Every structure is written in C-alpha cells, then in structure tokens.
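Could you walk me through this model, from its core out to its pockets? I'd like the cut-offs along the way.

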Amino acid sequence: MFQFIYPYLKPILKKLIFSIKKFLFLDKLNNYEIKGNIDKFSYFKFTKRTQLKVPFSNGRSIRGCSFKKNILKDPIYKIIYQVSQNIPFGEIRHDFSEILKIEKTLSARDIVGLKNNDKLDKYPAWSYVLPWDDSNIENQFKNYKKLQKIKREEKSIEYDYKNNFLNFNDLYSSEMVESQILQSMKLFEKISKLGFIYKLGLPSFFILINNKKWRWYVCQGNHRSYTLHILKQKFLRGTIESIIDRKDSPLWPNVRNGLYDCKDAEKIFDCFFEGNGPIGPCI
C-alpha cells in the first residue's frame, strides 16, 4: 500500500525536511564551508533531495571544469559565453562543429582519458558513464539517442525555437549542433530579461567529498547554471542529488560491475574534485 501512497507523500516529506533544516539553521553554508571545508554540521546540510545555495567558486560543470579557473574549457559553457558576447551565430556554430568533429571519432575510453581501459574502448564517447553513476554503459548505449531526441524536442518547445531532426541517428549532425546553440541563445535571453524563475524548477547537483573537503558539480540544469555564472551570480540555489564520497569508490556501481577499477575511478573523481576537466562528451 505504501508504494501507492508514497508519490503523494514525497513532496510533503521533502518540504518537511527542508523546513526542519531551515528551523535548525542548516539550510545555509557558513564562511568555513563556503571555502570548501567540512565541519561537524555540514553533513546535515548535505541531505539528499533538499535545497542548498552553493558558491560557484566551489563548483564544477557537468564535465568537471572548475567555474573559478577553467570553465571555458567546457564547450557548452563556451557556447553560452559566446552568446553573451554577441558572437555571430555562424562563428559559434563553426567552433562547436569543430569540437564535435573530433569528439565523433573518440571512444568512451578517450573521453574519460583512460588509455588502458579496453572495456570503455568498445563504446562511442556519447555512451560513457561515470564510475559513480547508477546507469551502466550498455543501457546508456541502447537508450541515449532516444533520450536525447526527447530532450531536444522538449527544449525546443520550452525555449520556442524550431527543431527539425532530419538526421537524428547521427548525434553529431548539424541539426544537433544548431539545437544546442539555439537553446543557449533563447535561455540566455530569457534569464537576462526575466531573471531566474525558480518556481519552474531548480537545477540539481552532486556533492563531492574528499576527507574534510567538499566540492559540487552540476547534474541537471547545466545550461541554467552556466547562464547564471556568466551573469555574475556568486551562488546557485539547487537541489542536492546525492553525495559522492571518494572513500566509497569500491562501492560505486560501475566499479562493482568491473567497468572501472578503483584506481581509475578515483583518478576521475580527483579530476572532477580539482576541476581539471573536461571529462565527458558535449552531446
């Protein structure tokens, strides 16, 4: 019976937990935590599925690039930045197309920088999974194209631009390139004029923990987070997706199934934690 009631209780429980956090002053980071440190109350603030306002200075893009030092290495961030600088559409399209031309030739092994992982080498770059992801690479390979088509169609409706996938089987087609750019243009224009409308949904992010230090990286809503950063916002308010603790690497799903060993999994974690990406595809 609980499985039928839970969907109705879920939003009430989330609201209750957030109210408790707020009442106990656990909904805001202190100056020590803002600098990337963990104190005795931090874990309560990092409660899964609750809201938290996190500093961009401590953040990473969905591809593991530090917002503070090398965020322009993230190709999607670069698109939005170029839009903000009024770079012509044709120039942005050319730059992004050149990046994708290279990416199209890469394997999942190449895209995560692990030259000795033969299992990843059997799959294209776009089907990659991270060591701590719940999804496995075979499911990603089977379902990703369909999910991307749905996502692109939804975004074209949400941001009011025409999306015509004449060649959708090719994830690196000119239609996909233009879809990414048009989404970025429309979103930047919308947020610049109206601000961020939180009632339409919050971005989400993972918390990365290494001993007594923490970082965060974007999970959902990366275009919105990039736009807010370009608009000089210091913080991002979002929902905590989950906590990824380096010491738990042997338990990560794609380590347990043998796709990664602990050493390589921790190498990828460290790259994200230090903000030394990009790791992962643009599509």
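The largest nonpolar core takes in 71 residues, and those with the most contacts inside it are F46, V112, W132, W214, W216, Y260 and I268. A nonpolar core here is a set of buried Ala, Val, Leu, Ile, Met, Phe, Trp, Tyr and Cys residues joined through side-chain atoms within 4.5 Å. Buried means under 20% relative accessible area, exposed is over 50%, and partly exposed sits in between, with a 1.4 Å probe and protein chains only. In soluble globular proteins, nonpolar side chains tend to be buried together.

Some housekeeping: this is a predicted model, so local features need pLDDT of at least 70 and side-chain atom pairs count only at pLDDT 80 or more, while totals for chains, interfaces and linings use all residues. Residues are numbered from 1 along each chain as its sequence is written, and side-chain values use heavy atoms, with hydrogens and water left out.

Pick out W216 from that core list. Leaving aside neighbours within four places in sequence, W216 is in contact (heavy atoms within 4.5 Å) with V54, P55, F56, N58, G59, R60, F67, F205, F206, I207 and L236.

Now for the sheet. Five strands form an open sheet with mixed pairing, in the order β1-β5-β3-β4-β2. β1 (51-55) and β2 (59-60) stand at the edges with a single partner strand each, so one side of each has no neighbour in the sheet. Strands (E, at least two residues) and helices (H or I, at least four) are DSSP runs numbered from the N terminus, and two strands pair if DSSP finds at least two bridges between them.

Follow β3 (residues 204-210), where 6 of the 7 residues are buried. On one side, β3 runs antiparallel to β4 (residues 213-220), joined by 7 bridges; F206, for instance, has Y217 as its bridge partner in β4. The two strands make a hairpin with 2 residues between them, and N211 in the turn has a positive phi of about 60 degrees. β3 also pairs with β5 (residues 235-245), this time in the parallel sense over 6 bridges. In β5, the partner of S204 is T239, and that of L208 is I244.

Two polar residues deserve a look. K45, in helix α3 (residues 42-45), counts as buried because its relative accessibility is 4%. Its side chain makes a polar contact with the side chain of E33 at 2.7 Å. For a polar contact, a pair of N or O atoms must lie within 3.5 Å; within protein, one must be able to donate a hydrogen and the other to accept it, and residues adjacent in sequence count only if both atoms are side-chain atoms. H229, in helix α9 (residues 222-230), also counts as buried, at 19%. A polar atom of the H229 side chain lies 3.5 Å from the backbone oxygen of F67.

The largest share of the pocket lining, 8 residues, comes from α7.
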